[in-house]
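Welcome! Take a look at the sequence and the 3D view first, and then read on.

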Amino acid sequence: MSPRLKTQPSARRTLLPAVLSDLPVALAALLLVLVLAGCDPADKGSSAIQGGRKWGAQGAAPAAASPAHGLSSAQRLAGLPRVAVQGNYAGDFQVAAREGKIQRFPCRECHDRSVGKLKAAIPVKLRGTHREIKRAHAPKSTLTCLACHADSDGMNTLRLADGTAVGFDHSYRVCAQCHFEQARAWAGGGHGKRLGGWAPPRVVENCAACHNPHDPLRPVSTPRWPSVVPNAPARRAGH
Amino acid sequence: MWLVGLWQGLGRLRLGIWLHIGSRDEIGHGAKAPHGQSAEAPQGHGAEAPEGYSAKAPHGQSAKAPQGGSLLDKPMSRRAALGTLLGGLGAGAGVAVAASNPLGGDDSREQSALNFEEFFKGNYQVMTAEEKRATITRLERLAQLERGVKVSISGAEAPKGVLFGYAFNISKCKGYLECVSACVKENNLDRSTGMQYIKIFEMDQGSMNLEHGRTDFYHQVPVPGKFYLGTQCFHCDNPPCTPVCPVGATWKEPDGIVVVDYDWCIGCRYCVAACPYWARRFNWQSPQIPQEEFNRSQHYLGNRPRKKGVVEKCTFCIQRTRAGKLPACVEACPTGARVFGNLLDPESEIRWVLENKKVFRLKEALNTEPKFWYYAD
């Protein structure tokens, strides 16, 4: 009598032997079902694109749960005027306000009429205001003053390309129109300067704190000498 | 000086020898031990004898003395008697000198007493909270006496739920060395030898070979065609420098900072040899810090003044970071090339950099797991 091989299917086919005989396929099907069940199509703010940081207008200042370490930068940030971030890169952080530092603000005190009419009213040889501003941001035909400065509301605000008025505290929205890569990194933390400490709340400097909007490569990349002599033995030639 | 070192070394391995003297059985043997030791002790150091030593007979004879009999009645050899007398005299003289310095004032006496107690304290890792408080009080008082300044030394423990991480943007660093300058001032580094924890490499663009980079540049920066890359202690998660310490003077704290107990370090420099990033520094000379630049906010494991013969290194400004502040280098950088934060906080800047930038570390193949990443714009 020939021994019955274990691999032969039994005469009475029930479900269990059928599944077991096709075990790899059955396991693959089970895995697929589990994976599909885990995916939630309603989860739009997923980390797939932005690595965990949720983008979108979130408005108000963060009210984060107190962290386990209990440390905070709030004391060091006391007295620093700051605003919540608006626009495309709004998130759980604030930006240091700059409007209070503008010397000749509000602009309305002089700009009570449109720039065209203002120029017409002032003789040519008296048009010295803002002459010290050196424009080195882009070719003059690409960016005129009015590209960023709104000729409305007394020029107290900046303007986005679609005409939206933006306060000077939120000038990052103007920069972010073209410099979106840097703005994304700035909002995330890989670009720019953090104020206070590493502990929350997170407050960062505005773009204009380091980049003069009219001459952006200054002062952050100004050539200068190092502030100390490094302590290293002089290298021999060829090494 | 070497005698002190020898003594310290012996003391680190086992201080129990003093506990065993009382149990010595042999007459001559028990008498010789203290006699020999006290002759080696450096003068005026108060000797190795703890308080009350001279009160107890310096050998095991008292344990075997007949009940009710005094030392003078016991039969003993001339050798034992001589040893007893001289040992007692030596120990007594040592204690007397320590306690009453006839040439110094009250301050010097207090200083000697404080130094005496500091000499015998244990490893910081095994101290109780009370002992830690006591040593910090002593160190603060010593700073007042020796330097004439009021310092505050923190013993802040690692904060919960925190693991510190660091990122460096090689596109932004321009070689200004503001970080180096801030670090020297913040951490009370020795000015006489120009001790610096941070090294900035001036590298040719297109090359990642640090052996061809220069750390000794001193000219106008940035130079076109070069990029700048900074190194310091990377506070590895798998540090090669901590297991090699023969006395356990350096270890990794729960918040990830690798620290050194400067009072336990014997200066063998095994850790200096073990570090693949050349992050550690040894004090070949006694550190000199100008009084007007002395940073008085200190931490026991951080920027309190070190002494000649011990190893030190970047501590991620432990005196600042355990209070929620940024390290001095991060705060000083004018281009924002340095990022610091809590790796365990998913919303932190360092986490964003690690998740969204192409980051690399140095010498990855060594599996040291440094907590210091580099990225570019």
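Which residues have the most contacts inside the largest nonpolar core? They are Trp198(A), Ile200(B), Leu229(B), Tyr300(B), Phe340(B) and Tyr374(B), in a core of 62 residues. Please keep in mind that this is a predicted model.

**The largest core**
- Several elements of chain B give two or more residues to this core: helix 7 (129–147), helix 8 (178–186) and helix 11 (328–332), along with strand 2 (164–169), strand 3 (199–204), strand 4 (226–231) and strand 11 (372–375).
- Helix 8 of chain B supplies the largest share, four residues.

**A look at Tyr300(B)**
- Once neighbours within four places in sequence are set aside, Tyr300(B) is in contact with residues including Lys121(B), Tyr124(B), Met127(B), Thr135(B), Ile136(B) and Leu139(B).
- Its contacts also include Ile153(B), Ser154(B), Asp261(B), Tyr262(B) and Asp263(B).

**Another core**

**Chain A at a glance**
- Chain A has eight helices and six strands.
- Starting at the N terminus, the elements of chain A follow the order α-α-α-β-β-α-α-β-β-α-α-β-β-α.
- Chain A has 239 residues, and 26% of them count as buried.
- Among the contacts in chain A with a separation of 6 or more, 59% link residues 24 or more positions apart.
- The accessible surface of chain A is about 16,100 Å², and carbon and sulfur atoms account for 61% of that surface.

Note on methods. Residues are numbered from 1 along each chain as its sequence is written. Chains are lettered from A and ligands numbered from 1 in the order in which they are written. This is a predicted model: local features need pLDDT of at least 70, side-chain atom pairs count only at pLDDT 80 or more; totals for chains, interfaces and linings use all residues. Side-chain values use heavy atoms; hydrogens and water are left out. A nonpolar core is a set of buried Ala, Val, Leu, Ile, Met, Phe, Trp, Tyr and Cys residues joined through side-chain atoms within 4.5 Å. Buried means under 20% relative accessible area, exposed over 50%, partly exposed in between (1.4 Å probe, protein chains only). Contact means heavy atoms within 4.5 Å. Accessible areas come from the Shrake-Rupley method with a 1.4 Å probe; for residues, only the protein chains shown count as cover.
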